[in-house]
Amino acid sequence: MSVPIGEMRHRLALQAPLAEADGGGGVTRTWALVAEVWGAIRPVSGGEGVEADGVRGRVSHEMWVRHRASVGPEMRFVLGARIFEVRAAIDSSERHRFLRCLVEERVA
């Protein structure tokens, strides 16, 4: 299954983690822009749980983008103020045309 091209209307920033030395023997994680891509977003499910003594919401989505070999679970997509953490990237047709990314959005 794929997504109609017309639904790929969101301009997404694909980011990868970058570890920088903090001068004290540790590292600070920042995010580096890998690419800007067009994609489709479809909500799948949602829920809430307790995290750090507070209730946090989460929403799972399917995100469809054109195939990129480098997308993995350590990366994330950003759309404005929304952050989508990649959980899996699947070449569902195995034809290297589209990636179906299972992502999770954290909701405050």
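**Figure 1. Glu105 in strand β6 of the predicted model.** Glu105 has its place in strand β6, in a model that is predicted. The relative accessible area of Glu105 is 9%, so this residue counts as buried, the limit for that class being under 20%. Two polar contacts of the Glu105 side chain are shown. One, of 3.1 Å, is made with the side chain of His61. The other, of 2.8 Å, is made with the side chain of Arg82. Leaving out residues up to four places away in sequence, Glu105 touches Gly57, Arg58, Val59, His61, Arg82, Ile83 and Phe84.

Figure 2. Strand β4 covers residues 76-79 and pairs with β5 in the antiparallel sense, over four bridges. Within this pair, Phe77 stands opposite Phe84 of β5. Two residues lie between β4 and β5, which form a hairpin. Gly80, in the turn of this hairpin, has a positive phi of about 65 degrees. β5 also runs antiparallel to β6, to which it is joined by six bridges. Here Phe84 stands opposite Glu105 of β6, the residue shown in Figure 1.

Figure 3. Glu104, like Glu105, is placed in strand β6. With a relative accessibility of 13%, Glu104 counts as buried. Its side chain makes a polar contact of 3.3 Å with the side chain of Arg87. Arg87 also forms a salt bridge with Glu85, in which the closest N and O atoms are 2.7 Å apart. Glu85 is partly exposed at 26% relative accessibility, and Arg87 is partly exposed at 41%. Apart from neighbours within four places in sequence, the contacts of Glu104 are Arg58, Val59, Ser60, Ile83, Phe84, Glu85 and Arg87.

**Figure 4. The largest nonpolar core.** This core has 16 residues. Those that touch the most other members are Leu12, Met63, Val65, Phe77, Cys101 and Val103. At least two core residues come from each of β1 (10-21), β2 (27-51), β3 (54-66), β5 (82-90) and β6 (98-107). The surroundings of Val65 are shown in detail. Not counting residues up to four places away in sequence, Val65 touches Met8, Leu12, Val37, Trp38, Gly39, Phe77, Phe98, Leu99 and Cys101. Another core, of five residues, lies apart from the largest one. Its members include Met8, Ala40, Trp64 and Phe98.

**Figure 5. Salt bridge between Glu7 and Arg42.** The side chains of Glu7 and Arg42 meet in a salt bridge with an N to O distance of 3.1 Å. Glu7 belongs to the segment before β1 and Arg42 to strand β2, so that the pair, 35 residues apart, links distant parts of the chain. Glu7 is partly exposed, with a relative accessible area of 29%.

**Figure 6. Salt bridge between Arg11 and Glu36.** In this salt bridge the closest N and O atoms are 3.7 Å apart. Because Arg11 lies in strand β1 and Glu36 in strand β2, the pair ties together parts that are 25 residues apart in sequence. Both partners count as partly exposed, Arg11 at 37% relative accessibility and Glu36 at 47%. In total, the structure holds six salt bridges.

**Figure 7. The chain as a whole, for orientation.** The chain has six strands and zero helices, and its pattern along the sequence is β-β-β-β-β-β. Of its 108 residues, 31% are buried. Contacts between residues at least 6 apart in sequence include 53% that join residues at least 24 apart. The accessible surface of the chain comes to about 6700 Å², and 51% of this belongs to carbon and sulfur atoms.

Note on methods
Residues numbered from 1 in each chain as written. Predicted model: local features only at pLDDT ≥ 70, side-chain atom pairs only at ≥ 80, totals over all residues. Heavy atoms only, no water. Core = buried A, V, L, I, M, F, W, Y, C linked by side-chain atoms within 4.5 Å. Buried < 20%, exposed > 50% of the residue type's maximum accessible area, 1.4 Å probe, protein only. Contact = heavy atoms within 4.5 Å. Polar contact = N/O pair within 3.5 Å; in protein donor to acceptor, adjacent residues only side chain to side chain. Pairing = 2+ DSSP bridges. Areas by Shrake-Rupley, 256 points an atom, 1.4 Å probe, with all protein chains shown as cover. Salt bridge = Lys/Arg side-chain N within 4 Å of Asp/Glu carboxyl O.
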